[in-house]
Amino acid sequence: METENLLNHLKGFDTEIFELLQEEIKQQRYTLSLVPTVNAMSPLAAYLEGSLLTNTTIERCGGRVSAIEELVRARVRNLFGSEHAIVRFGSIAAASRVVFLGLLQPGDRVLSFNRRKEEHCAGLDYAFENFGIDPAAEKVDWDAVSALAQRTKPRLIIFSPVSYPRIPNYAKLAEIAHAVGAYLWVDIGQSVGLIAAGLLPSPVAHADVMTFPTNDSLHGPDGAVVLCKEKLAGKLDAAVENTGHVALHMNHLAALGIALHEAASETFKAYGRQVIANAKALAASLTQNGAKLLCGGTETHLVLAAPAAGVKLVDTAHRLSRIGIRVKTDVVPTMEENRTLDALRLSSLNPTTRAFKEEDMTTVGKILARVLAAVPSDDALEEMRGEVAALIISKPIFSNEWYVDTNADESAFYDESSAGAVHEHVARARMNTIKKLFRWK
């Protein structure tokens with residue numbers, strides 16, 4: 001059934017779901033998200049995930065691996081240079097629990113940056129200790145981390161840079177972990193795309209285990225991957241089997257496979273370079289307009305922007321939402337107990353996917369700085385709302401610039417049943433919503 005017929009059928013059969021679909025499209029199309037975990041899926045990956053492959057389930061029997069799973073595993077091993085890969089996860093939470101169950105015993109001590117992964121331990125019995133940035137230097141003091149590890153003797157050290165915009169010293173971290181007999185687990189989070197593109201250092205050579213989500217930064221489907229040293233492969237594979245991760249739909253594996261294939265392309269490398277350039281432009285604009293940045297700026301996709309004294313972080317996020325910008329608030333732990341730092345966790349990933357360039361991010365930085373500095377008047381917010389609208393009115397959800405060029409005839413692989421076509425059809429049919437959204441006449 002063609003897309004238009006499908007949409008008309010959906011509208012007639014289930015108006016509520018149809019309206020929710022249109023509202024979500026409006027949200028994605030006509031607001032700007034700076035949330036690190038929000039990004040558009042690759043159109044090819046979206047096509048595969050919504051294709052007839054969804055009707056086929058692949059079950060692992062007796063440890064045997066299907067051809068498509070082996071292809072995806074080979075692609076991820078080649079992309080990151082890892083010894084072993086597990087791709088059978090629907091979420092990073094599921095992957096994290098497998099790592100815990102594969103490596104630890106009840107009661108084991110865990111030393112974790114910003115207490116990351118503790119949120120995935122419901123029903124599990126581990127003793128978490130925190131390490132974070134130095135509150136004065138706003139960077140990780142690796143000597144202080146070493147001293148803490150020597151004192152607490154953890155069985156596992158976790159580092160995840162989701163709230164750290166600098167390049168970590170993975171070699172030093174591995175040295176710290178192995179000196180106390182601990183495993184090192186690095187979850188690279190939304191930095192995975194930049195690492196895959198070779199634009200940030202990889203922890204694979206140093207970490208015993210590395211994990212990452214497969215959506216946001218990689219433009220793939222929801223899910224996660226676990227990479228590990230060969231010596232740990234048996235333990236983690238057994239944990240996968242014992243926790244029920246024995247079946248996957250072929251559409252998910254195919255979508256992940258194409259996302260990994262795209263991540264190895266020159267187009268994806270160019271995307272990554274623009275992500276970093278956009279993050280630096282945003283950081284520079286924020287600084288030039290009086291906003292304070294944590295950690296001295298950025299070397300990645302991430303910018304941590306702090307509000308001025310007397311400006312509440314949550315209220316700032318609400319005001320930005322009113323003008324069409326979505327942000328993530330963060331309370332950043334430090335090495336000092338009970339001392340935290342407030343910041344907006346901003347990412348250039350989604351703006352870059354939508355074809356934003358440095359000059360656009362400079363404008364975004366100016367707007368953010370105004371809201372972070374003080375409580376704007378309603379008139380000022382309305383003015384900024386217009387500025388945001390002007391920025392995003394012509395921006396797609398996924399820019400053609402980042403389509404991998406194959407020199408193939410589009411009709412060979414693209415038809416009107418694709419998820420992207422559904423989005424664009426409804427977006428075109430509802431273009432008048434932009435006037436209502438921004439109160440234009």
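Serine 347 counts as buried, because its relative accessibility is 1%, and the cut-off for buried is under 20%. The model looked at here is a predicted one. Within it, serine 347 belongs to strand β15, which runs over residues 340–347. So what does this serine touch? Once its neighbours within four places in sequence are set aside, serine 347 is in contact with Leu34, Val35, Pro36 and His301. With histidine 301 there is also a polar contact, made side chain to side chain at 2.8 Å.

Next comes helix α7, which covers residues 170–179. Which of its residues are buried? They are Tyr170, Leu173, Ala174, Ile176 and Ala177. These residues sit on the same side of α7, because they cover an arc of only 160° around the axis. As for what they pack against, the partners of the buried residues of α7 are α6 (142–152), β6 (156–159) and β7 (183–187). After α7 comes glycine 181, and its phi is positive, near 75°.

Leucine 71 is another residue worth a look. It is part of helix α4, residues 67–80. Is leucine 71 buried or partly exposed? With a relative accessibility of 41%, leucine 71 counts as partly exposed, since that class lies between under 20% for buried and over 50% for exposed. Leucine 71 and alanine 254 are 183 residues apart along the chain, and in the model their C-alpha atoms are separated by 9.4 Å.

Terms used: Residues are numbered from 1 along each chain as its sequence is written. This is a predicted model: local features need pLDDT of at least 70, side-chain atom pairs count only at pLDDT 80 or more; totals for chains, interfaces and linings use all residues. Side-chain values use heavy atoms; hydrogens and water are left out. Helices (H or I, at least four residues) and strands (E, at least two) are DSSP runs, numbered from the N terminus. Buried means under 20% relative accessible area, exposed over 50%, partly exposed in between (1.4 Å probe, protein chains only). A polar contact is a pair of N or O atoms within 3.5 Å; within protein, one must be able to donate a hydrogen and the other to accept it, and residues adjacent in sequence count only if both atoms are side-chain atoms. Contact means heavy atoms within 4.5 Å. The arc is that of the directions from the helix axis to the C-beta atoms.
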